Amino acid sequence: MASLLIHSSTVGPISSSFITQNSLFDFKYRNNLPKIRRRRRRRPPISISAVTDSDSSPSSFTGFQFPDQSKADTIKSLKLKLLSAVSGLNRGLAASEEDLQKADSAAKEIESVAGPVDLSTDLEKLQGRWKLIYSSAFSSRTLGGSRPGPPTGRLLPITLGQVFQRIDILSKDFDNIVELELGAPWPLQPIEVTATLAHKFEITGTCSIKIIFEKTTVKTTGNLSQLPPLEIPQLPEQFRPSTNRGSGDFEVTYLDSDLRITRGDRGELRVFVIS
C-alpha cells in the first residue's frame, strides 16, 4: 500500500496544528489512493491421465504397432487357434474329415504368416523332447498312419498312449517314443510297454530332414517294469517290406521354442509341443 509522508525542512519546533493537519492529509491520501494489483501470470491447465502397463510400450506413444510385434501377436493368436482345432481329437485318432480340414487350414495360416523355416539358423530349436498332440495320419486308425501298421483302438489288441520325439542335435539322435497298451486274454491284465524307435537324422534342405532307422527297444512298464528291455534290431534291407525301408523324410514348416509343425513325405500333418 502506497503512502505519502511530508517532512518539514524548517528548523525549530513544529506546531501541533501542523502535525494534526499532516496526519489527516496522510490518512486521507493513504485511504483514497487506488490500489495497484499485481497481475498474476495465468498458468496453463495441467492435464493428468492414468497410464496403464499396456500404455507404457513404445507402440502406444507412437500411435502404431511395430511390424514385428504385430506379427508376433498374430502368430500367438493363430497358435491358439490351431491348438483349439486339434484338441479333443485323441492325437488325430478321433478326427473326422471336417476335423482334418480345420487342423490343416489352421496350420497353413501359421505357416503363411511365419514364413519358411531355416534350419541352418533355427537348428537349436529342435533340441529337446517333443510331445505329439496331433497327426492327420492317425485318422487311418493304424500306428503306421499313411503307411501300413498295426491297428489301434480301445476294442483292438493295441491301444496307443502318448507319443514323443526326442531330438539331440549334437549326436544326431532322433527317437520316436511310443507308449502302448497290449491287450491280453481274460483274466490277464493288459501289458503296458514303451517302444523307442531309434533313428539318426540329417538335414537335407533348408527345412527338410531325413531320418534313418536303427533299432527298436521295447520296455515293459507298470506291473512288469522289472523286466529288462528287449532290443529289436533292424531287419536287413532285403527282408524289409518295400513300404518301410527304415528311413523317412519330412519338412519342418513351423518352429519356435514351444511349438513345431511338420509335414511328412506322404502329406501327414503333425503338431508337437515341447514337453
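Mentor: Start with a cut-off. Buried means under 20% relative accessible area, exposed means over 50%, and partly exposed lies in between. Keep in mind that this is a predicted model.

Trainee: Why is Asn 90 called partly exposed?

Mentor: Its relative accessible area is 39%. Asn 90 sits in the loop between helix H3 (67-86) and H4. Its phi is positive, about 55°, although it is not a glycine.

Trainee: What makes Arg 91 buried or exposed?

Mentor: Arg 91 has 12% relative accessibility. Buried means under 20%, so Arg 91 counts as buried. Arg 91 also lies in the loop between H3 and H4. Its phi is near 60°, a positive value in a residue other than glycine.

Trainee: How do you know what span to expect for helix H4?

Mentor: Helix H4 covers residues 97-114, which is 18 residues. The expected span is 1.5 Å times one less than the number of residues. For H4 that gives 26 Å, and the helix reaches 26 Å from its first C-alpha to its last. Just after H4, Gly 115 takes a positive phi of about 85°.

Trainee: What makes you say that the buried residues of H4 line one face?

Mentor: The buried residues are Asp 99, Leu 100, Ala 103, Ala 106, Ala 107, Ile 110 and Glu 111. Seen down the axis of H4, they fall within an arc of 140°, so they line one face of the helix. The general rule is that an α-helix has 3.6 residues a turn, so residues three or four places apart point the same way. On the other side of H4, Glu 97, Gln 101 and Ser 112 are exposed.

Trainee: Now the rings. How many aromatic pairs are there?

Mentor: The structure holds two aromatic pairs.

Trainee: Why is the pair of Phe 174 and Phe 201 called edge-to-face?

Mentor: The ring centres are 6.2 Å apart, and the pairing limit is 6.5 Å. The planes stand at 65°. Edge-to-face needs over 60 degrees, so the pair of Phe 174 and Phe 201 is edge-to-face. This pair links distant parts of the chain, with Phe 174 in strand S3 and Phe 201 in strand S4, 27 residues apart.

Trainee: Which residues touch the most other members of the largest nonpolar core?

Mentor: That core has 24 residues. Leu 119, Leu 126, Leu 160, Ile 167, Ile 209, Val 252 and Leu 255 touch the most other members. Strands S1 (128-135), S2 (158-168), S3 (173-182), S4 (191-203), S5 (208-220) and S7 (247-255) each supply at least two residues of this core. S2 gives the most, with four residues. Leaving aside neighbours within four places in sequence, Leu 126 is in contact with Leu 119, Ile 167, Ile 169, Ile 209, Leu 255 and Arg 260. A second, separate core of 18 residues includes Ile 75, Ala 95, Leu 100 and Val 271.

Trainee: What makes Thr 217 partly exposed?

Mentor: Its relative accessible area is 21%. Buried means under 20%, so Thr 217 is partly exposed. Thr 217 lies in strand S5. Its contacts beyond four places in sequence are Thr 194, Ala 195, Thr 196, Pro 229, Leu 230 and Glu 231.

Trainee: Which elements make up the whole chain?

Mentor: The protein chain has five helices and nine strands. Of its 275 residues, 30% count as buried.

Note on methods. Residues numbered from 1 in each chain as written. Predicted model: local features only at pLDDT ≥ 70, side-chain atom pairs only at ≥ 80, totals over all residues. Heavy atoms only, no water. Buried < 20%, exposed > 50% of the residue type's maximum accessible area, 1.4 Å probe, protein only. Arc of directions from axis to C-beta. Core = buried A, V, L, I, M, F, W, Y, C linked by side-chain atoms within 4.5 Å. Contact = heavy atoms within 4.5 Å. Phe/Tyr/Trp six-rings, centres within 6.5 Å; stacked < 30°, edge-to-face > 60°.
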